[in-house]
Amino acid sequence: MGGTAVHEGLTAACDALGGRIAGTDPAVFSGADCAVLVEHLARLEKRCAGLRAVLAARAVSCGAHQQRGFSDPAAWLARQSGISTGEAKAALATAGRLDACAETREAVRTGEVSLAQAGEITRSEQAAPGCEGDLLNVAAGGGLGELRDEARRRRQATEDPDDRHDRQHRERHRRHWVDDQGLIHVRAAFTPEVGVALVNRVD
C-alpha cells in the first residue's frame, strides 16, 4: 500500500474514532465497563502519543514545521498537541532515540509503555548501554516515578562523582513568586547536600 493510501486510511480512522469518542456518554456504562474502557483508552493513548512523536520527528526532518510558519520544531508540536514546549522537545528527543532501542520502540508501538517512560529508558540506554531490558521490566511492574528513580540510578552509575557534582553545582537555580491568592511559590534546584537538609527542615 502506498504512502498516500496509508495516510488517507489513518486520517479516516482518526476521524472515525474521534467522532465515536466525542459521542460517548459515560453515564450509560457501568462502573466496571468504564474501568475496562479506561484501560483500553490508556493503551491506545500511549500508542497514539508514540506514533505522534515519531511522525512529528519525521515531519520536522523534512521541514514541514517551517512550511506551517514555525521556526522552532518544538513550538509547532506543542501548538498541535496542547503541551508545553519543553514537553514537545522531550517528545522529539525521545523519538530520535527510539531507533537505537528496538525493544522500547516496540513497547511504545504496542502501548506497553508511555512516551514519558520511553524517554527515561532510551536516555538511560544511551548513557548506560545494556540497561534497556531491565528498565522495561521496571516500567511493566511499576509507575513512572519508580522508573525515573531506577533510570536515574543507572545513569548516575556511569558518571564520575566529581563531574556529576560540578554539573549539579552549575545547574543550581531558584525562583520565587506570589500568586493571585497571595501564596508564595518557590521553585529551586539545589545540590543534594543542601537540598536534602532543606527538605528535611521544611518537612
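Visitor: Thr191: buried or exposed?
Guide: Thr191 is buried, at a relative accessible area of 4%. Buried means under 20%, exposed over 50%, and partly exposed in between (1.4 Å probe, protein chains only). One caution: this is a predicted model, where local features need pLDDT of at least 70 and side-chain atom pairs count only at pLDDT 80 or more, while totals for chains, interfaces and linings use all residues. Residues are numbered from 1 along each chain as its sequence is written, and side-chain values use heavy atoms, with hydrogens and water left out.

Visitor: Where is Thr191 found?
Guide: In the loop between strand E2 (184–189) and helix H11 (192–202). Helices (H or I, at least four residues) and strands (E, at least two) are DSSP runs, numbered from the N terminus.

Visitor: And what does Thr191 touch?
Guide: Gln168, His169 and Arg172, not counting residues up to four places away in sequence. Contact means heavy atoms within 4.5 Å.

Visitor: Switching to Glu125. Which helix is the place of Glu125?
Guide: Helix H7, residues 115–127.

Visitor: What is the nearest side chain of opposite charge to Glu125?
Guide: Arg154, 7.6 Å away. Glu125 is buried yet has no salt bridge. A salt bridge needs a Lys or Arg side-chain nitrogen within 4 Å of an Asp or Glu carboxyl oxygen. Lys and Arg count as positive, Asp and Glu as negative; His and the chain ends are not counted.

Visitor: Which backbone nitrogen does the side chain of Glu125 reach?
Guide: That of Gly130, at 3.0 Å. Glu125 also touches Cys101, Cys131 and Glu132, among others, not counting residues up to four places away in sequence.

Conventions
A polar contact is a pair of N or O atoms within 3.5 Å; within protein, one must be able to donate a hydrogen and the other to accept it, and residues adjacent in sequence count only if both atoms are side-chain atoms.
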